[in-house]
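Trainee: Hi, I'm new to this one. Could you walk me through what we have on the screen?

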Amino acid sequence: MSSSIKRIGNSPRWSDIVLYQGVARWVEVADDTSDDERGQIQQVLRQIDQTLCEIGSSRQQMLQIIVHLSSLQSVDELNRQWDQWVPQGNAPVRACVQSGLGGNCLVEMVIEAAVVSGS
Amino acid sequence: MSSSIKRIGNSPRWSDIVLYQGVARWVEVADDTSDDERGQIQQVLRQIDQTLCEIGSSRQQMLQIIVHLSSLQSVDELNRQWDQWVPQGNAPVRACVQSGLGGNCLVEMVIEAAVVSGS
Amino acid sequence: MSSSIKRIGNSPRWSDIVLYQGVARWVEVADDTSDDERGQIQQVLRQIDQTLCEIGSSRQQMLQIIVHLSSLQSVDELNRQWDQWVPQGNAPVRACVQSGLGGNCLVEMVIEAAVVSGS
């Protein structure tokens, strides 16, 4: 288990992913925020899949997801997609709250996942 | 310190607790959300105690608690109960913010605690 | 890497910083909340620097910062100061949401940083 910090996708403002001691941390918002809630949730879950793949992790290794929705009216749509997406028996811990989000962002997720080999 | 992931209380939607590398992560809301703020805060703190006991941790090993209140008017009641509950000299880091919460939920806490043996 | 918990700045209500297994967790709000958004953001970033110094970490070792702003109108000012402050190529993961904050608090940040030697 490496104790060095690995950063992926450095923009000047933030890293897309930070890996440290077997835990990957990242934040996901929809790439295209012109989409409606259904589309943005779909994008975010797909983007999480892509990131999990990129770092050699998987849906089965997610530890925690904090979901920020701009409106609690999106909870039903979130749950509808989430329940199809999350691996039963290996689901992460989840919190879901309404927060004000910038731009046209309707959903923002903060994710922690395990990465087994010291990436 | 085990590097495998242990999940407790898997519902289809989330795990109640995820343990990984000596850290337990979980989210607590009141089991009975028909209660008022005083009752819900009381429930959540008791439920945290139960979880700490279940995983072989303790109040003295809590690392961080993020408190989401549906109303900032609940801060005084939170602090009144919190100050009795938290172990002086071994308190966790705490953030407390107002967020929109689903259902009749008045308080939601996101907890990280240390688990010493590799559970 | 020590597996014991180290706490710094214990008040009765919370620890200022908790260090565990090479990760420091803490929460920062402006010491002087009579200041405006510009001043409070400036204070919080300076206080983070002080804490990083105190624990033997650095801006280059920050893992994640969750920013809670009391108003999304503060995002531009946050970004203006943040972009000068954050080390390019070694930025942490960042989420930024609007949450209700207590007192006169305009910004609250939840920080995780790596601490290399087992402090």
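This is a predicted model: local features need pLDDT of at least 70, side-chain atom pairs count only at pLDDT 80 or more; totals for chains, interfaces and linings use all residues.

**A first look around**

Trainee: Nice. In which sense do strands S1 and S2 of chain C pair, and over how many bridges?

Mentor: Strand S1 (residues 5-10) of chain C pairs with strand S2 (residues 15-20) of chain C in the antiparallel sense, over 5 bridges.

Trainee: Got it. Let's switch to chain A. How many helices and strands are in chain A?

Mentor: Chain A has 2 helices and 6 strands. Following the sequence of chain A, the pattern reads β-β-β-α-β-α-β-β.

Trainee: And what is the order of the strands in the sheet of chain A?

Mentor: The order is S1-S2-S3-S6-S4-S5 in chain A, in an open sheet of 6 strands with mixed pairing. Strand S1 (6-10) and strand S5 (93-98) of chain A stand at the edges. Each of these two has a single partner strand, so one side of each is left without a neighbour in the sheet.

Trainee: How much are neighbouring strands turned against each other?

Mentor: On average by 10°, with direction ignored.

Trainee: What about S4 and S6 in chain A, how do they run?

Mentor: Strand S4 (residues 62-69) and strand S6 (residues 107-114) of chain A run antiparallel and are joined by 7 bridges. Along that stretch, A:His68 stands opposite A:Glu108 in S6(A).

Trainee: Which strands does helix H1 of chain A lie across?

Mentor: Helix H1 (residues 37-54) of chain A lies across strand S2 (15-20), strand S3 (23-29) and S6 of chain A. The helix runs at about 20° to S6(A).

Trainee: What about the overall form? How does the radius of gyration of chain A fit a compact globule?

Mentor: It agrees: with 119 residues, a compact globule would have a radius of gyration near 14 Å, and chain A has 14 Å. The C-alpha trace of chain A spans about 40 × 40 × 20 Å along its principal axes. Buried residues make up 48% of the 119 residues in chain A.

Trainee: And what share of the contacts in chain A join residues at least 24 apart?

Mentor: That share is 73%, taken among contacts between residues at least 6 apart in sequence.

Trainee: How many residues do chains B and A put into their contact?

Mentor: Chain B gives 21 residues and chain A gives 25 residues. On the side of chain B that touches chain A, the elements giving two or more residues are strand S1 (5-10), strand S2 (15-20), strand S3 (23-29) and strand S6 (107-114) of chain B. The residues on that side of chain B divide into 9 nonpolar, 8 polar and 4 charged.

Trainee: Do the copies meet through the same surfaces or different ones?

Mentor: Different ones, because only 5% of the interface residues of chain B are also interface residues in chain A.

Trainee: Last one: how many residues are in contact between chains C and B?

Mentor: There, 21 residues of chain C are in contact with 25 residues of chain B. The side of chain C that touches chain B has 9 nonpolar, 8 polar and 4 charged residues.

Technical notes:
Residues are numbered from 1 along each chain as its sequence is written. Chains are lettered from A and ligands numbered from 1 in the order in which they are written. Two residues are in contact if their C-beta atoms, placed from the backbone, lie within 7 Å. Helices (H or I, at least four residues) and strands (E, at least two) are DSSP runs, numbered from the N terminus. Ala, Val, Leu, Ile, Met, Phe, Trp, Tyr, Cys and Pro count as nonpolar, Asp, Glu, Lys and Arg as charged, and the others, Gly among them, as polar. Two strands pair if DSSP finds at least two bridges between them. Axes are lines fitted to C-alpha atoms, for helices over the stretch in contact, and angles run from 0 to 180 degrees between N-to-C directions. The radius of gyration is taken over C-alpha atoms; the globule rule is 2.2 Å times the number of residues to the power 0.38. A residue is buried if 20 or more other C-beta atoms lie within 10 Å of its own, exposed if 12 or fewer, and partly exposed in between; C-beta atoms are placed from the backbone.
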